[in-house]
Amino acid sequence: MPDLETSIESWPIDGEFVISRGAKREAVVVVARVTGDGAVGVGECVPYARYGETPQGVVTALNAMAPVVAAGTTRAELLHRMPAGAARNALDCALIDHEAHVAGRPAHEILGLASAPRPVLSVYTISLGTPADMARRASEAQRYPILKLKLGGEGDIERMQAVRRAVPNARIVADANEAWRASDLQPNLTAAHDLGLELIEQPLPAGEDQALADIEHKVPICADESFHTIADVAVLAGRYDAINIKLDKTGGLTAALGIASEARAHGMKVMVGCMLATSLAMAPALLLAQEADWVDLDGPLLLARDRVPGLVYEGALVRPAPPGLWGLPA
């Protein structure tokens with residue numbers, strides 16, 4: 001009879017991470033552990049205040065599932081027993097890891113994926129700052145061939161211009177985190193196009209993105225805060241060119257795999273993203289990232305320290321999880 005345990009952990013950020021909604025100096029995560037049949041499965045999630053989540057609230061939601069886990073619930077059943085969000089992500093990933101260890105098979109086989117994960121190229125995030133500060137940090141990050149700029153509204157054209165001057169050959173995507181307004185779209189997208197940016201994430205506030213259906217997308221536009229579950233894909237297909245799939249939004253890897261297929265069916269591209277978290281949260285997302293158009297799994301690179309063992313980053317190249325981290329029996 002499997003047992004479920006939870007814990008809250010804090011991991012210091014290397015410096016400060018700033019987006020349009022504020023700054024943080026630590027990553028607070030919740031870890032779920034499923035124990036039984038001689039095996040332990042683990043999963044990590046990040047409660048996100050933007051969606052009304054708190055660490056203690058996620059722990060409470062997980063603890064309420066302990067009797068269901070003990071009764072032997074499946075991941076398919078979990079999709080109906082818990083809403084999408086961080087709590088379900090932690091439990092879904094823990095159940096996958098537990099299945100892998102009990103069966104003695106890697107997670108990609110448990111999930112029916114065609115092949116073992118390969119290394120993928122991730123973006124590296126430059127957090128929000130002045131144009132000069134962002135340009136300096138971009139110049140210092142030239143070992144990363146794809147940069148992701150956090151934008152904040154006023155002054156974003158100057159930020160994009162300064163970074164492009166600093167790194168003329170880098171691939172660049174940008175994330176406005178809902179900071180633009182409809183009146184900003186044309187000038188900002190024109191500037192992004194002229195500067196060679198290849199993607200803009202969530203320019204407008206969620207719920208105010210109908211305007212995206214009525215303008216020329218000079219640069220592809222990706223939904224993040226506007227997108228959560230598979231039901232959103234069809235609604236967003238006429239407004240966005242891509243979706244950012246984060247396991248903490250979709251409620252785990254099981255749901256996310258189906259969402260990626262649905263997005264492709266609607267002609268949308270896929271970014272696989274992350275919250276600020278450790279390698280334990282990135283390892284499941286790495287399976288999803290195998291066929292992604294853009295990968296944003298740089299969370300551990302922004303921390304002062306990571307789990308041991310953790311994912312191996314060779315510059316921007318992320319290698320698959322080692323034994324002892326997640327999804328791969330030793």
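Asp 175 stands opposite Glu 201 in strand β8, and this pair belongs to a predicted model. Strand β7, which covers residues 171-175, is joined to β8 by 2 bridges, and the two strands run parallel. Both strands are part of an open sheet of 8 strands, whose order is β5-β6-β7-β8-β9-β10-β11-β12 and whose pairing is parallel.

**The parallel sheet**

- The edges of this sheet are taken by β5 (124-126) and β12 (294-295), and each has a single partner strand, so one side of each is left without a neighbour in the sheet.

**Helix α8 and what covers it**

- Helix α8 spans residues 185-194, and its buried residues are Leu 185, Asn 188, Leu 189, Ala 191 and Ala 192.
- When the helix is seen down its axis, the buried residues of α8 fall within an arc of 160 degrees, so they line one face of the helix.
- After α8 comes Gly 196, which has a positive phi, near 80 degrees.

**The antiparallel sheet**

- A further open sheet is formed by 3 strands in the order β4-β14-β13, and here the pairing is antiparallel.
- Its edge strands are β4 (120-121) and β13 (313-314), each of which pairs on one side only.
- Between β13 and β14 (residues 317-318) there are 2 bridges in the antiparallel sense, and Tyr 313 stands opposite Val 318 in β14.

Technical notes:
Residues numbered from 1 in each chain as written. Predicted model: local features only at pLDDT ≥ 70, side-chain atom pairs only at ≥ 80, totals over all residues. Heavy atoms only, no water. Buried < 20%, exposed > 50% of the residue type's maximum accessible area, 1.4 Å probe, protein only. Helix = DSSP H or I, 4+ residues; strand = E, 2+ residues; numbered from the N terminus. Arc of directions from axis to C-beta. Pairing = 2+ DSSP bridges.
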